[in-house]
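User: I would like to learn how to read a structure that is new to me. Please take me through it one feature at a time.

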Amino acid sequence: MRTKLRNGEEVVYLAKKHWITLVMYSFPLVLAIGLIVYTKTVHSFEDLAFILFAVSLVFFIYKVFERKFDIWVVTNYRIIDESGVFSHNFKESPLEKINNVNVRQTLVGRMLGFGNVEVQTAAEGGDTIIYDAEDPKKLQEAILNVLQEYEQHSHNYTNPVDSKECPMCAEMIKKKAKICRFCGYRFEEENQEGYNGE
């Protein structure tokens, strides 16, 4: 995981694509190996066969690393969708914006243990669909568990006497907070005492 965690944030569950996704990318490599064996027999186009094998091997290795870095992380604050081998791309879905989590599996998916997980959110980035995730039901369970814990914590935490409303995202935070833990809004020092959340 390459995304930096916030203060107090902990990783609850980490998911990645199922190994079955690599099978389809292994076909060109297998064909290239077969072509090498064939050209060794007929003694022609051997150089072309080795070039195709090298390209197929590099492509397959790239896909292996892509699977390694294409992950979804469930924390006690958010869900992080992270990808990119040479670059680093990520999308986050705050827990308070998540509305529902659905799992869709085909017959083969149920047999081998993979499927799609759809995270429906009210965030600006829209819904997040996790394709061909390994153990999708475990991922769904992890998300639902942190949502339940988050809702219970928020219910106990938002005491009107000891809380204030963030002017940027309208979430309730501690009255003494200088930075909103939801949107990162910074409260100016001089306005700390005068700000009453209205």
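This is a predicted model: local features need pLDDT of at least 70, side-chain atom pairs count only at pLDDT 80 or more; totals for chains, interfaces and linings use all residues.

User: Let us begin with confidence. What pLDDT does the protein chain average?

Analyst: pLDDT is the predictor's confidence in each residue, from 0 to 100. The protein chain here averages 82, and 89% of the residues score at least 70.

User: Where is confidence lowest, and where is it highest?

Analyst: The lowest mean, 74, belongs to strand β9 (residues 172–174), while helix α3 (residues 107–112) has the highest, at 93. Apart from these elements, residues 190–198 have a pLDDT below 50. That stretch has 13 contacts in the model beyond near neighbours in sequence.

User: Now the helices. At what angle do the axes of α1 and α2 cross?

Analyst: Angles over 145 degrees count as roughly antiparallel. The axes of α1 (residues 20–42) and α2 (residues 46–69) cross at roughly 165 degrees and come within 9 Å. The two helices are therefore roughly antiparallel to each other. The crossing of α1 past α2 is left-handed.

User: Which residues of α1 and α2 meet?

Analyst: From α1, the residues in this contact include Leu22, Tyr25, Leu29, Ile33 and Ile36. Those from α2 include Phe53, Leu57, Phe60, Val64 and Arg67. Sorted by class, the contact has 16 nonpolar, four polar and four charged residues.

User: Take one of them as an example. What is Phe60 in contact with?

Analyst: Phe60 lies in helix α2. With its neighbours within four places in sequence left aside, Phe60 is in contact with Leu22, Tyr25, Ser26 and Leu29. Ser26 shows how to compare sequence with space: Ser26 and Phe60 are 34 residues apart along the chain, and 6.4 Å separates their C-alpha atoms.

User: On to the sheets. In what order do the four strands of the open sheet stand?

Analyst: The order here is β1-β2-β3-β4, and the pairing is antiparallel. The edges are β1 (11–16) and β4 (89–94); each has a single partner strand, so one side of each is left without a neighbour in the sheet. Direction ignored, neighbouring strands are turned by 15 degrees against each other on average.

User: How many bridges join β2 to β3, and how many join β3 to β4?

Analyst: Strand β2 (residues 71–75) is joined to strand β3 (residues 78–83) by four bridges. Between β3 and β4 there are six bridges. Both pairs run antiparallel.

User: What phi does Gly84 take in the hairpin of β3 and β4?

Analyst: This hairpin has five residues between the strands, and Gly84 takes a positive phi near 110 degrees.

User: Which residue in β7 is the bridge partner of Val119?

Analyst: That partner is Thr128. Strand β6 (residues 114–121) and β7 pair over five bridges in the antiparallel sense.

Terms used
Residues are numbered from 1 along each chain as its sequence is written. Side-chain values use heavy atoms; hydrogens and water are left out. Axes are lines fitted to C-alpha atoms, for helices over the stretch in contact, and angles run from 0 to 180 degrees between N-to-C directions. Angles under 35 degrees count as roughly parallel, over 145 as roughly antiparallel, 65 to 115 as roughly perpendicular and the rest as oblique. A crossing is left-handed if the near helix is turned anticlockwise from the far one by less than a right angle, and right-handed if clockwise. Contact means heavy atoms within 4.5 Å. Ala, Val, Leu, Ile, Met, Phe, Trp, Tyr, Cys and Pro count as nonpolar, Asp, Glu, Lys and Arg as charged, and the others, Gly among them, as polar. Two strands pair if DSSP finds at least two bridges between them.
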